[in-house]
Amino acid sequence: MNITVAGTGYVGLSISILLAQHNEVIACDIMQGKVDLINNRKSPIVDKEISEYLETRELHLTATCDKDVAYKSPDYVVIATPTNYDSEKNFFDTSSIENVLDVVEQKCPETTVVIKSTIPVGYTESLLKRYKIRNILFSPEFLREGHALYDNLYPSRIVVSYPKERPELSEKARKFAGLLHEGAIKKEVDVLTPNCTEAEAIKLFANTYLALRVAYFNELDTYAEVRGLNTSQIIEGISLDPRIGDFYNNPSFGYGGYCLPKDTKQLLANFNSVPQNLIQAIVDSNRTRKEFIAAQILAKRPNTVGIYRLTMKANSDNFRQSSIQDIMKILRGEGIRVVIYEPTLKSETFEKYPVNNELKSFISECDIILANRMSDDLQDVKDKVYTRDLYSRD
């Protein structure tokens, strides 16, 4: 199969590599620097398996910025472009998807389009009314930043959906699901081919449940800290219930990253006039947690607060929407000097905050150091560190 993948972020690059094991894949991006790295078999993002596969595996993969090359004659076009949440419109910004669809409609309208980007509920069905492209599928991704290719190789499930009003596309959905399954190492995988609107809901509700779990254990930790209780003892006693489980229960400064903040807000917007309390509470709980963390720091009356890493997860270089940034804004608003240690930043400032990537100097100038996840770098100065990390894992 000839497959074009639009976008080379975590989703796009991991799916490109997965499919390029058995198909001819062209990864198309608007950034020449990323294209050059991929063609030189170097990963533009931090992901162990992506780097390994690019460097050591035989892949039928090329990258380009040339749309004439990318959209010449693909059997499939996979769209994996970013859909950021627009707080003014209270909706996902889907313009990057529509930009690709405009190109497809012009250059290869008979191809089958598979949307991998996260989208609002009902979006795929709406495209059929706006575009002449008739073959549009939606396949939600369930990937972790820093482990995107691993999660494609060992998928929890494969979901490829088709529009309810186009039942004849069910076969195309099953065929594309087969391509994803073919590239995976794990072979015992549940494959679902629901309608598009249901698949869109699967994605948003799945991420919102994960956000709920983060919010739950964070509120437990807030309670324990205020009451002077041992958080880990409480979590251990709860997590031994097999219905709850000992996973995804490590307190943090709040859920962040690219997916959970925007997906919870989009799901909340999709509810519109549908009765709900819980979804709103999840969004509100995350804001309350960040305000609580900031209040705890302010109570210590520091002059300078250090931020150890803007990234919120281990093995990630992505700090989009990291919860620490909202805490930083609160502290700065109260007149506290905030300095950042973030080795992935090469500039001397970030959003007007000073950056000090000389670790010893950074430690010495800070009264308190905020670390969402504890690190060996800080073991010798634990007395300076404020963290809610109990288990040294995400």
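**Sheets and a helix**

Let me start with strand β15, residues 368–370, which runs parallel to β16 and is joined to it by two bridges. Within that pairing, Ile369 has Val385 of β16 as its bridge partner.

Before going on, the conditions. This is a predicted model, in which local features need pLDDT of at least 70 and side-chain atom pairs count only at pLDDT 80 or more, while totals for chains, interfaces and linings use all residues. Residues are numbered from 1 along each chain as its sequence is written, and side-chain values use heavy atoms, with hydrogens and water left out. Helices (H or I, at least four residues) and strands (E, at least two) are DSSP runs numbered from the N terminus; two strands pair if DSSP finds at least two bridges between them.

β15 and β16 belong to an open, parallel sheet of four strands, ordered β12-β11-β15-β16. Its edges are β12 (337–341) and β16 (385–386), each pairing on one side only.

The other sheet is also open and parallel, with six strands in the order β3-β2-β1-β4-β7-β8. Here β3 (61–64) and β8 (136–138) are the edge strands. β2, residues 24–28, is joined to β3 by four bridges, and Ile26 stands opposite Thr62 in β3.

Now helix α10, residues 231–239. Its buried residues (under 20% relative accessible area; exposed is over 50%, partly exposed in between, 1.4 Å probe, protein chains only) are Thr231, Ile235, Ile238 and Ser239. Seen down the axis, they fall within an arc of 90°, taken from the directions from the helix axis to the C-beta atoms, so they line one face. The face turned away from them carries exposed Gln233, Glu236 and Gly237. The buried residues pack against α9 (196–227), contact meaning heavy atoms within 4.5 Å.
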